[in-house]
Amino acid sequence: MTKTKLRGLAGVLGALFSVGCVNSDVYLYEVHVRGAVSAQNLGSSVVHLEFHHAQFFGHGELAHPLGRFATSIPENPTVIDETILYPLDAGEGLVIYGWLDKDGDGVLCAPTQTTEPAGLIAVKSFPAHEVTFELKLDRPCAGSEALYP
Amino acid sequence: MDMTRTTGLLVVVCLGLGMASPVRAENAAEPVQAATLAEPDWRVGNPVADQLGGGADAGRWSVAVSGGWAWSALRGQYGFGSRLAALAQVETALGFRFQPAAGLGVRLLSHKHARIAAEGLFGWLFQLGELEKRGPTLEARVRFAFPAGRVVPYVLLGTRHAILSDRTSIERASGSTSKYTVRHEWTPWLGAGLGAVITKNVGLELGLDYGWVDAPETVVIPGFHLAVLVGGGR
């Protein structure tokens, strides 16, 4: 049997295996994200970052904005250098949302905490394996759905 | 008594006997036939005993067609050797989940009032819809049947294992890579019911199914089925 025939047989078997065996087929797009977060009184407070699809599912007027697929708490929010895996089949576009956890409770605002600032940016240069951004946190207690679209 | 009256009496007696004789013959045959149906020889086998108790004598075949909620199935088996049976089945849950399988059964005990068999099957799972699943399956089960008269109460204990593989492809600036990972779906199974011999080659069965798909992550959904069992062979 020639090499070509062997390759063909391997291809057929591989296709059968894929059709008959593979359940979840996830395609991820690696993105190297560089940027910085700015906010008044940033100090040593923790910044929470969320990475969203700009459009999560649906089309046209029924399209659902935002779908979080990754989160991060950067060690140094003024110099962010992260690698994220973007699910290609789950949506379109890239949006980064962040908020400043001033009291360190892990929760955005509370009845006694109404000054934790948040911000959001749509990354225009996506899709690309390397993107940069500048995120300004200046909207107190705003959730991502209040800032986009 | 003149000859005419004597002849007439004889005719009446003969007619009476002639009419009575078949009746007596039928009455005489009834206990024999009733005894045959009431006390089937479970060790020889019939479709009810073979399907519910497992195993079959060499050359005997049986098929069970069952329908119910949520599980329906078509099962067949053929006996060979002294205690073995080749098994084949297709099972579905509401037309969304299909599992064809084939395997081997071995009769461990064949007593007049007890029958125990172990079965092992290899198959393939195809689940359609939102929660699509597919992959090879292995199943082991033990059947306990207790023939009594014309009925066969039974209990079935089983464990099913499906191997589900996933593929994750990552597209990097330097190129693409794919990685395969494997999940395991466990389905313990408890079945119980009652079979009844209708004729030597036909039976009925009513059973309850407790199949716990993807245990322990989910909940058990009990079901029931009604089956027609037919068989024959040596």
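Strand 1 (residues 22-39) of chain A runs parallel to strand 7 of chain B, and the two pair over six bridges. Strands here are DSSP runs of E with at least two residues, helices are runs of H or I with at least four residues, and both are numbered from the N terminus. Two strands count as paired if DSSP finds at least two bridges between them. Within this pairing, L28(A) has I170(B) of strand 7 of chain B as its bridge partner.

The model is a predicted one, in which local features need pLDDT of at least 70 and side-chain atom pairs count only at pLDDT 80 or more, while totals for chains, interfaces and linings use all residues; side-chain values use heavy atoms, with hydrogens and water left out. Residues are numbered from 1 along each chain as its sequence is written, and chains are lettered from A, with ligands numbered from 1, in the order in which they are written.

Contact, meaning heavy atoms within 4.5 Å, involves 17 residues of chain B and 17 residues of chain A. The buried area between the two chains is about 1500 Å², and carbon and sulfur atoms give 44% of this. Buried area is the accessible area (1.4 Å probe) that two parts lose on being put together, summed over both. On the side of chain B, the residues that lose the most area to chain A are R134(B), R167(B) and E171(B), which together make up 40% of what that side buries.

A salt bridge is counted when a side-chain nitrogen of Lys or Arg lies within 4 Å of a carboxyl oxygen of Asp or Glu. By this rule there are two salt bridges across the interface of chain B and chain A. The interface also has 12 residue pairs in polar contact, with both residues at pLDDT 80 or more. A polar contact is a pair of N or O atoms within 3.5 Å; within protein, one must be able to donate a hydrogen and the other to accept it, and residues adjacent in sequence count only if both atoms are side-chain atoms.

Strand 7 of chain B gives the most, with nine residues. By residue class, this side of chain B has five nonpolar, four polar and eight charged residues. The nonpolar class is Ala, Val, Leu, Ile, Met, Phe, Trp, Tyr, Cys and Pro, the charged class is Asp, Glu, Lys and Arg, and the others, Gly among them, are polar.

Chain B itself contains two helices and 10 strands, in the sequence order α-α-β-β-β-β-β-β-β-β-β-β. Of its 234 residues, 35% are buried; buried means under 20% relative accessible area, exposed over 50%, and partly exposed in between (1.4 Å probe, protein chains only). Among contacts in chain B between residues at least 6 apart in sequence, 50% join residues at least 24 apart.

Strand 2 (residues 71-80) and strand 3 (residues 84-93) of chain B are antiparallel and share 10 bridges, with Y78(B) opposite A86(B) of strand 3. The two strands form a hairpin with three residues between them, and G81(B) in the turn has a positive phi of about 65 degrees. Strand 3 of chain B also pairs with strand 4 (residues 97-111) of chain B, in the antiparallel sense and over 10 bridges. Here L87(B) has G103(B) of strand 4 as its bridge partner. This pair likewise forms a hairpin with three residues between the strands, where L94(B) in the turn has a positive phi of about 55 degrees.

Salt bridges also link strands within chain B. The side chains of R75(B) and E91(B) meet at 2.9 Å, N to O. R75(B) belongs to strand 2 of chain B and E91(B) to strand 3 of chain B, 16 residues apart. E91(B) counts as buried, at 2% relative accessibility. R141(B) and E119(B) form another salt bridge, their closest N and O atoms being 2.5 Å apart. R141(B) lies in strand 6 of chain B and E119(B) in strand 5 (residues 114-127) of chain B, so the pair ties together parts that are 22 residues apart in sequence. Both R141(B) and E119(B) are buried.
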